[in-house]
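Subject: Structure handover and backbone notes

Hi,

Here is the structure for your set. Please have a look, then read the notes below.

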Amino acid sequence: MRPILLVYTLLASLTPLALALSSVISFTAGDGYLQLGDHSTGPDIWVAPNDWPAVRRAAGDLATDFGQVLGKGGNGTVLVPDSDILNGTAIRSRGRPPIIVGTIGNSSLIDGLVSRRKISVKPIQGQWDSYIQEVVSNPVPGVDQALVIAGSDRRGTIFGMYDVSETIGVSPWYWWADVPPKAKDEIYAAPGRNLACEPSVTYRGIFINDEELTLQPWAATKYNISQYDSSFTGEFTKRVLELLLRNKANYYWPAMKQSMFYVDDPQNGIIAEYFGIVMGTSHAEPMTRATDEQSKFLSGSWDWTENSANLTAFTAEGVNRSKAWDTLYTMGMRGSGDTASPTLSAPLLEQVIQVQQGLLRDDLSKSLGDVPQLWALYKEVGEYWQAGMNVSDLVTLLWTDDNYGNLLRVPYPSETTRAGGAGVYYHVNYVGRPRSYRWIDTIQLIKLWEQIHTAYVRQASRIWILNVGAPKPLEIPQSYFLDMAYNTSNHLTPDSPTKWMTSWAERQFGSGVANMTAYIMNKYGLLTMRRKYEHLTFLPFAYSSRNAPTHNIMPNLSYVSVSNAVSKLSTPGNNSDARCVISVDWNAAPSGLSWVSLNVSGVDSKNITLNENITVFLPVNKTSVPHGFSGYVESNGVVSIEAAHYAAHARSGNASGPKLTYNFYTFSSGGSNDPVSANFTVYLGGPRNHDATRPIRYAFALDGGSPIEVLPVPSNALGSDPAGWNASVVTGGWNKTSSVDVAPGTHSLDLWLLEPSTVIQKLVLDLGGQKASGLGPPESFKV
């Protein structure tokens, strides 16, 4: 994608409560600061014995992380205080600074501090995944100061600890991407409070998918293999779940190809609970039953019309085995093996979900309103909703993209009152048409931002799940997606991805390379959006010369000269090329477009003339524009302008929407300065019409004429792709051409962007000279 212009919408009412943006951690001393560690001493991490096992486990990570940045002498120690300390009546001095961590209502340490009015937890009490970090004076007798991390729930406490870990210099990617800890001499906690209220998105996580190519073979060299030949057993699961928590994610779809999370290792479900992660299964794996389980353990076919009794019993087993753990249940079904079902219909799928909800109600013995559920409207499943399917309001509608990062649908205003809300299942990796992409990261962050930001402001904010294929090599889009899900208020404007990339690179690699890293990754994203590596096999990539002459070939070089016309080349060696400068005497050159031919010939080492001569055709275009004109100038029958290079902009005009104005000058005519029939092409981004009631639209007007409204993206029913979709995902956007009549001279073009997600990349006016290419002509000369 080139430099872009887009229309984006901010809904102030949806801006989340401010999250933790400034840490209590410092690396220099100050008034009232609490020293947490140095090269010789690390902190004691106090955890109450009645707190969650997940909290006690993460406390061990925090203790280790201090040693990672301070050295062996700075290792922290997890301390489970005795009853006297818990009662606040006594303390055994250890000479080590304390960090008191715990969960409100589940930690006698934290509850004791609250009851003695040492801390106030009202801002986060009863909230989801929230925490407070605060330096507290005299928390218990014998302790002058302590850093207190109090969570609203177990994950809030864990996030508060991992926030300290990352701030002191331990990357969430320390293991998966070998990011070295940032060494520190001293670590302090500053006086004051750091408050992190509820995250922007309730359930935030990743989906490991299409793992059989790289991740599964790699894991097989490191972890135990299950009896069903999967290497995604307990120790692998621990690594993934720790990564999620360090990225402040709370939700996980485990691998679905040749893997069965709950079967491959019976400890997997227990481990997920031990870490405090909400478990789910993919869009095609209802009620926690993996795809491979459907083929291995189901009696009969995966077909509701023929085998509903066995399917009901099969899914009931999934509910029963997961009922003691934190689970978000996938509802509904697709066909066998993650394909479209040949027999399902909207009424049948209603019946399926009703039966599944009955199983949840009966086995979990709780109100369905307290059981998180989702229905993924992936591919053909959207057809059922569009057909009027009635789905319980308690079920979250999980809208999807087209597997290439373009949203298919966002919630309509009439759907935003559903109790279950809505969410997004989004891809940065995919196996399927028109071509799979899973080799390496090819994601442009600004596009990811634009689409996900749109989803958020349209209230798809209950679940965000990212198909990453594997944790590596998609560290950047994965981190960005999860960070945006955690705190969308940091990502409200189009420059947010660049700011985030700079900050992220500084945390991973240091401040010295952060700005350049962000610049390189922005440029890389632009290039890979133009063509993913996997799409380089699509034509055209070799074209005839854009400037191939059509007439008036002039071998007379009276107004063209070439410096260094004769030189000796040899290879290998230091003289394998020669630089020649071609100069034009513009006073002698004829007006308009002319061509000259330059002949390249050579001799071999024996001074014998080579048979292979090359002729280079050089266009010489002598034109002039009126004095004082400022804008782009036609060359070779084309005017090409990058969308961001407008001459003026205004909030509105003759059409409703932001107006951009572009100035250009043309020479082509139909004879005697008559207008020429030209093609005006707008190169857009890849977004689709994710709201059929408000399709992507723009309008344009030439030289003050009446605006012409254009709908560039064809309409389509859910479950199908619009005409031209294959080409749009290969080229990174839609191209829309309109006919206009253009006379020679000075012109202005007004362009109105009429809907959110209208992304404009480039404008091209073809007056007869445009050649076929993949990216369109380069930008015209500007005076």
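Where is the place of Asp 178? Asp 178 is in the loop between α4 (154-168) and β9 (186-189). Keep in mind that this is a predicted model.

Most residues other than glycine have a negative phi, and most peptide bonds are trans.

Positive phi

Asp 178 is not a glycine, yet has a positive phi, near 55°. Its relative accessible area is 62%. The cut-off for exposed is over 50%, so Asp 178 counts as exposed.

Arg 117 is another residue other than glycine with a positive phi, here near 60°. You will find Arg 117 in the loop between α3 (108-115) and β7 (131-137). Arg 117 is exposed because its relative accessible area of 79% is over 50%.

Cis peptide bonds

Going from Arg 433 to Pro 434, the peptide bond is cis. Omega there is near -5°. Pro 434 sits in a loop, with β17 (422-427) on one side and α13 (445-457) on the other.

Lys 472 and Pro 473 are also joined by a cis peptide bond, with omega about 10°. The loop that holds Pro 473 runs between β18 (463-469) and α14 (475-486).

In short, the places to check are Arg 117 and Asp 178 for phi, and the bonds into Pro 434 and Pro 473 for omega.

Best wishes

Conventions
Residues numbered from 1 in each chain as written. Predicted model: local features only at pLDDT ≥ 70, side-chain atom pairs only at ≥ 80, totals over all residues. Heavy atoms only, no water. Helix = DSSP H or I, 4+ residues; strand = E, 2+ residues; numbered from the N terminus. Buried < 20%, exposed > 50% of the residue type's maximum accessible area, 1.4 Å probe, protein only.
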